[in-house]
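Please look over the sequence and the model shown here before reading on. The notes that follow are a briefing for someone meeting this structure for the first time.

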Amino acid sequence: MTKTSVMSPYYDLVSKYAKIATETGAVNLSNDHSDFPCEPELLNSLVKHLSAGRNKYSPGEGVLELREIIAKRYNSDFGANYSPTTDVTITAGAIQAIYTAISSIIKEGDEVIVFEPAFETYVPSIEARGARPIFFHLNPNDYSIDWSALTKLISSKTKLIILNCPHNPTGVVMSDENLEQLQRILNGTKINILSDEAFGDLVYDGQSMFSIARFPKLAERSIIVGSLGKTLSVPGWKIGYCLAPEQIMSRFREVHRYQIYSVNLPIQLALADFLKGKECWAPFRNEFQKRRDLFASLMKDTKFSLYPVQGGYFQVMGYENISKEKDVEFCNWLAEEVGVTAFPLSLFYHDAFDNHRVRICFGKSEEELKDAAMRLGRL
């Protein structure tokens, strides 16, 4: 397998397109966060704690009240028995949680299976440990997994498999049948799972919220990563969390202690206030689904092909009926000449696999989506 450089153009390109949008008035659908506002109740709670002077360090593992709320939610919604004392840790966002999880599980010479297209932080985190990413392309037709082909990649060096569901960038949600397949494959092994569930609450069309925690035999070997920032549309607050059995979490906390030590105290307190007693942690979930459906309806008569979105707030679109240009070049042209920014899907592959597809974020206002669809519909 080809070693991937730790340096990635992902964030450079996000910044480039944001700058173009600001300077030219292009509709920015290329960024990796939604534009929904902070809930007033949550903001008021934060101001309350800031004004009360709760601005010191939090416990390294996070505020106990917030950990209790998270553990209770996973216990009630997914039937998982996580102790808030030993099995839950608050992190400075999902990306930090992912890096810390990988750092705590793997060592030099280990192998980690990564499904592609893949979020851009996984591979640098693996390579920073001197480990080797083993890349597995999802089926480009529907982004499904060929489990028999995956089995052939597992070796005595395989120590970790990274799952991401709902998937960024494709919006695919793994079925129970898929998780049962994975469980059968891992029976009798010591392979751990990193389950990136940053979009776990943003699942649509009446589907249940996603978590690997529903499968006890998988959960006992898994670190689950969640993101309160994405769920509540405050990504800049950088608050995530991890759940894992005590023997895994103890290693995670040891690394966490030296990497970050403490996470923002008043924000944790505000989140605990806001989430207490709430059955739904995604106040904008219905709005996200409406935006997904609106954009799809606006684009149905265009030359773009849209792939089904089951969760998250990203949409993959094919442009093979419009251009044969490489996706980076096509996205540059879209931004500069058409006035819409999108993100090239090839940047989610280690080998720059390019099948003429782009990712857009539909967590925007209706006016922006209508404007973008009108511009794209002219192609």
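This is a predicted model: local features need pLDDT of at least 70, side-chain atom pairs count only at pLDDT 80 or more; totals for chains, interfaces and linings use all residues.

**Briefing on the chain**

Of the 379 residues in the chain, 56% are buried.

**Overall build**

- The chain holds 14 helices and 13 strands, and because its radius of gyration of 20 Å is close to the 21 Å that the globule rule gives for 379 residues, the chain is as compact as a globular protein of that length.
- Taken along the principal axes, the box filled by the C-alpha atoms of the chain is roughly 55 × 55 × 40 Å.
- When contacts between residues at least 6 apart in sequence are considered, 75% of them join residues that are at least 24 apart.

**Surface and charge**

- The chain has an accessible surface of about 15900 Å², and carbon and sulfur atoms account for 51% of that surface.
- There are 41 positive and 46 negative side chains in the chain, and the centres of these two sets are 3 Å apart.

**Tryptophan 333**

- Tryptophan 333 belongs to helix α13, which covers residues 327-338, and this tryptophan counts as partly exposed because its relative accessibility is 32%, a value that falls between the 20% limit for buried and the 50% limit for exposed.
- Apart from neighbours within four places in sequence, tryptophan 333 is in contact with Glu325, Val338 and Leu379.
- Methionine 249 lies 84 residues from tryptophan 333 along the chain, and the C-alpha atoms of these two residues are separated by 46 Å.

**Cysteines**

- The structure contains zero disulfides, a disulfide being in general a covalent bond that joins the sulfur atoms of two cysteines.
- For cysteine 38, the closest cysteine sulfur is that of cysteine 280, and the distance of 15 Å is too far for a bond, since a disulfide requires the two sulfur atoms to be within 2.5 Å.
- Cysteine 242 likewise takes part in no disulfide, and the nearest cysteine sulfur, which belongs to cysteine 165, is 17 Å away.

Definitions and conventions:
Residues are numbered from 1 along each chain as its sequence is written. Side-chain values use heavy atoms; hydrogens and water are left out. Helices (H or I, at least four residues) and strands (E, at least two) are DSSP runs, numbered from the N terminus. The radius of gyration is taken over C-alpha atoms; the globule rule is 2.2 Å times the number of residues to the power 0.38. Buried means under 20% relative accessible area, exposed over 50%, partly exposed in between (1.4 Å probe, protein chains only). Contact means heavy atoms within 4.5 Å. Accessible areas come from the Shrake-Rupley method with a 1.4 Å probe; for residues, only the protein chains shown count as cover. Lys and Arg count as positive and Asp and Glu as negative; His and the chain ends are not counted. The place of a charge is taken as NZ of Lys, CZ of Arg, CG of Asp or CD of Glu.
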